[in-house]
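Please walk me through the fold of this chain. I would like the strands, the helix packing and the backbone details in turn.

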Amino acid sequence: MRAQLEKFFKPNAIALIGASDKEGSLGWAVLRNMKVAGFQGDMYPVNPKYREVQGLTCFKEVDDLPAPPDLAVILTPARTIPEIVRQCGRKGVTALLILSAGFKEAGQEGQALLEEVLATARRYRMRIMGPNCFGIMHPATGINATFAARGAQPGRIAFISQSGALGASILDWAAEQNVGLSCFASIGSMVDVGFHDLIEYLSMDAQTSSILIYMESLTNARKFMSAARAYARTKPIIILKSGASEEGAQAALSHTGSVAGNDLVFDAAFRRAGVLRVNRIADLFNCAQALAMQPRPAGNRLAIVTNAGGPAVLATDRLATHGGQLAKLSPDTMAKLNATLNLHWSHNNPVDILGDGTRDQFAKAIRLCAQDPGVDAVLVLFVPQAITPAEDVAHAVVEEQKHLDKPVLASWMGEADVAQARNILDEGEVPNYRYPESAVDVFLFMNEYRKNLQLLYETPDQQPSDFQPDRASVRQIIRDQLDQGKDQLDRTAITRILEAYNIPVTHVYQAATEEEAVRAAGEAGFPVAVKISSPDISHKTDVGGVILHLRNEDEVSEAFREVTARAVQARPKARINGVTVEAMVNKRYELLIGAKQDPVFGPVIVFGMGGIAVEVFRDLQMALPPLNMALARQLVRKTRIYTLLEGYRKMPGVDLDAIYFLLIRFAYLMMDFPEITEMDLNPYSVDENGGVVLDARAAIAERPANRKQPFDHLVIPPYPSQYQRTTALPDGTPVLLRPIRPEDEPLEAGLFNRLSRESVYFRFFGYIPHVDHEFLTRFTHIDYDREMAIVAETTIEGEKALIGVVRIVGDNWNGDAEFAIVVADHWQRQGLGSEMTDFILEIARERGFSQIYATFLKANVAMEKLFRNKGFSISSEDAQTNTAALDLVRQ
């Protein structure tokens with residue numbers, strides 16, 4: 001399938017259907033741009049009105065073309081396109097770029113035209129970009145199939161835009177800023193080719209160093225997350241997202257629903273995918289250039305070196321108010337700066353070397369700050385003056401940063417007086433900006449990107465092994481409630497569900513009468529709380545339906561009468577079932593643990609400050625399931641209340657691990673039951689002695705008819721526990737074959753220690769000098785949607801150990817998958833490799849891959865024997881390597 005996308009950007013021949021000689025028309029602009037861009041392949045204008053268009057022979061229809069074009073650019077009205085697409089299919093066209101509008105946005109008639117076009121494209125296996133798009137550019141191959149006023153110069157940044165108009169503006173801005181592009185694609189309505197396809201393609205493009213995206217909406221979140229998570233490690237993916245959903249602001253059943261808007265879910269998804277979200281067009285390119293030029297910072301601590309105090313104050317303010325820290329310089333660094341700089345320098349960070357600071361002083365200050373272990377990056381601010389030439393200091397910055405392993409950013413303020421200095425910084429690959437605030441923003445974005453990648457690289461703690469929820473009971477409870485026509489779970493049902501997932505919750509007594517309430521209070525034990533019970537009243541406090549700290553029977557009786565009266569007055573049509581009675585729980589902090597089914601990303605977990613003021617403080621963070629200890633910990637630590645939870649000003653901290661485990665269990669509940677559309681545990685009351693859910697609410701709905709498979713409502717698939725089997729070596733040693741886990745990193749390191757130099761060389765076509773955390777995470781932290789790795793686990797001297805691993809890595813279209821295997825030397829030639837290969841091929845067939853391929857060294861005779869035994873075809877790739885391929889469709 002990658003070969004099909006290649007036809008959009010590197011075609012040998014292009015048909016321009018609707019090309020025109022009429023100046024100002026769409027057909028005229030696109031053909032003119034193609035000619036100006038210098039495309040060297042064949043161009044075939046197609047228009048029955050002309051014999052020649054802009055000096056090129058014009059053909060009446062696609063059937064008349066002398067040869068099949070790889071790419072057809074369609075510029076004609078929507079009503080003509082179904083027939084044109086049929087002609088393209090018959091002619092053997094691979095890729096269709098439809099700029100025309102008039103489909104989805106044109107009502108039922110347009111939708112019918114679109115369905116006809118899609119059916120034809122599927123029949124002839126053609127890919128479609130658009131319709132209603134601005135077109136594509138690929139400067140390196142001379143393609144400008146857009147109606148832009150100007151083209152793009154070659155570069156290493158790829159830009160994908162969902163908006164044609166904004167794409168045109170950004171192209172103009174990039175040209176003005178001298179920013180080159182490897183590729184530009186306006187994808188319009190995304191009826192076929194989407195973000196995930198282009199991320200996959202561009203991530204394997206050697207000419208692309210980073211991928212920028214302007215996004216308005218997302219139609220296939222699971223494929224987007226799969227592609228982004230697979231490639232964000234190797235190339236930065238930077239997104240400018242607009243169009244926050246209105247539904248997030250609408251009233252909802254739960255606090256979670258009302259505060260967790262769709263745009264906040266996008267934030268959580270982007271973080272989990274390892275991509276960076278920015279807020280402005282300029283940030284897209286600023287961040288792409290900075291990440292390409294400089295290493296990522298290790299933290300948020302910034303040192304500032306400047307010759308002017310005012311800009312440094314502005315930079316410090318920006319840093320402090322947007323989550324950064326001004327680095328605290330060590331005594332050793334301070335002493336060295338005192339020995340280097342003028343007597344009256346600032347003696348602090350920002351390091352103000354004053355207006356007469358020399359090139360040498362700038363250089364030494366940058367070097368000393370960067371060498372300080374408490375500094376993560378250095379920002380150099382320069383204001384032009386008559387003493388020190390701006391160009392000299394720019395040269396000094398360029399030279400110093402060559403020898404540093406921390407990012408160096410610069411802001412040369414002014415225009416004409418610093419223009420040449422900026423050119424020096426550009427050529428020396430030092431990111432520089434006109435304003436200090438812009439430089440600080442880029443530093444903070446770089447640090448955010450680092451943190452997002454940690455969500456991919458983090459080695460999670462072991463999940464609780466004794467967690468065995470009673471799923472069958474929960475399934476029956478929900479089924480019974482749905483069969484009764486309920487769209488909200490009653491409190492008793494919620495309590496039983498939470499107990500089935502080992503989530504601590506207070507016991508609730510239902511009381512339909514005043515007498516039952518008094519009796520329930522006696523059983524619960526005073527003091528108690530009385531709350532209104534009604535399926536039509538979600539937020540009880542809003543109607544005065546909660547009375548706390550009731551100390552005797554008389555107070556309970558009065559509370560019953562009062563809350564029911566208030567409820568009737570506030571909601572005359574509400575069904576009142578009486579009250580609930582429960583024992584009072586006094587703990588220091590009230591938290592919210594919630595979830596909602598987002599229409600784009602599925603279930604989303606929400607955590608933060610709880611209680612009745614949750615919508616006032618809005619101290620909430622969100623995450624996508626599945627969760628593990630590392631991800632739960634990161635979710636909690638992003639909230640402001642975390643400072644209190646860990647212990648503050650001699651107040652003891654709470655049991656944070658218990659909160660992390662609870663979040664994991666709660667995430668499993670939402671994963672297991674998509675029928676739960678919203679759920680609030682609010683408040684979850686907690687202190688150093690533990691926590692308990694005091695109140696809860698939940699909404700339910702029938703599972704959508706198109707959701708048949710387990711976990712198909714998740715955008716990040718959970719651990720595929722169905723792929724496990726046991727086997728034994730010839731000597732009887734038991735071996736467990738199972739999918740790899742992120743927490744297998746120590747075991748994976750042990751496997752590498754069991755490999756001989758020859759086995760390493762055969763597996764990686766070279767020797768590995770150092771096996772570190774980053775290297776291992778690429779193998780242990782995988783996206784189960786697009787790849788699979790089966791490890792062979794056994795016991796060595798009483799400890800778990802890995803003795804082999806086999807993996808397939810598929811493309812985003814589930815077409816081809818690359819195969820690799822390694823078995824530790826001591827366990828080779830015992831049939832283990834053969835059995836592992838059979839297992840992974842079964843999984844590949846089940847997942848619908850059409851072909852498995854592998855490249856291996858010709859010297860690896862054992863591997864060739866394995867491939868031949870399994871039915872692979874072998875061909876020579878070069879003097880050193882062979883290629884093995886297995887067609888799973890024909891087998």
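This is a predicted model: local features need pLDDT of at least 70, side-chain atom pairs count only at pLDDT 80 or more; totals for chains, interfaces and linings use all residues.

Residues are numbered from 1 along each chain as its sequence is written, and side-chain values use heavy atoms, with hydrogens and water left out.

Begin with strand S10, residues 154–161. Strands (E, at least two residues) and helices (H or I, at least four) are DSSP runs, numbered from the N terminus. S10 pairs with strand S11 (residues 181–186) in the parallel sense, over six bridges. Two strands count as paired if DSSP finds at least two bridges between them. In this pairing Pro-154 stands opposite Leu-181 of S11. S10 also pairs with strand S12 (residues 210–215), again in the parallel sense, over five bridges. Here Ala-158 faces Ile-211 of S12.

Axes are lines fitted to C-alpha atoms, for helices over the stretch in contact, and angles run from 0 to 180 degrees between N-to-C directions. On the H5 side the contact is made by Leu-166, Ile-170, Trp-173 and Ala-174, and on the H10 side by Ile-281, Ala-282 and Phe-285. Contact means heavy atoms within 4.5 Å. By class, the contact of H5 with H10 has seven nonpolar, no polar and no charged residues. Nonpolar covers Ala, Val, Leu, Ile, Met, Phe, Trp, Tyr, Cys and Pro; charged covers Asp, Glu, Lys and Arg; the others, Gly among them, are polar.

Next come helices H12 (residues 331–340) and H13 (residues 359–371). They pack at about 175 degrees, with axes 10 Å apart. H12 and H13 are therefore roughly antiparallel. Thr-333, Lys-336, Leu-337 and Thr-340 of H12 meet Gln-361, Lys-364, Ala-365 and Leu-368 of H13. This contact divides into three nonpolar, three polar and two charged residues.

Further along is an open sheet of four strands, in the order S21-S24-S22-S23, with antiparallel pairing. Its edge strands are S21 (509–511) and S23 (546–550), each pairing on one side only. Neighbouring strands are turned by 25 degrees against each other on average, direction ignored. Inside the sheet, S22 (residues 528–532) and S24 (residues 579–583) pair over five bridges. Ala-529 stands opposite Glu-582 of S24.

Helices H19 (residues 514–524) and H20 (residues 553–570) pack at about 140 degrees, with axes 9 Å apart. H19 and H20 are therefore oblique to each other. Glu-514, Ala-517, Val-518 and Ala-521 of H19 meet Glu-553, Val-556, Ser-557, Phe-560 and Arg-561 of H20. The contact has five nonpolar, one polar and three charged residues.

An open sheet of eight strands has the order S31-S32-S33-S34-S35-S36-S38-S37, with mixed pairing. S31 (725–728) and S37 (873–876) are the edge strands. The twist averages 25 degrees from one strand to the next. Four bridges join S32 (residues 734–739) to S33 (residues 787–796), which run antiparallel. Leu-737 stands opposite Ala-792 of S33. Helix H26 (residues 757–764) packs on the sheet, touching S34, S35 and S36, and its direction makes about 180 degrees with that of S35. Helix H29 (residues 861–869) also packs on the sheet, touching S35, S36, S37 and S38, at about 160 degrees to the direction of S36.

Finally, the backbone. The Gly-130 to Pro-131 peptide bond is cis, with omega near -5 degrees. Pro-131 lies in the loop between S7 and S8. The Asn-682 to Pro-683 bond is also cis, with omega near 5 degrees, and Pro-683 is in strand S28. Arg-125 has phi near 60 degrees, a positive value in a residue other than glycine.

Notes:
Angles under 35 degrees count as roughly parallel, over 145 as roughly antiparallel, 65 to 115 as roughly perpendicular and the rest as oblique.
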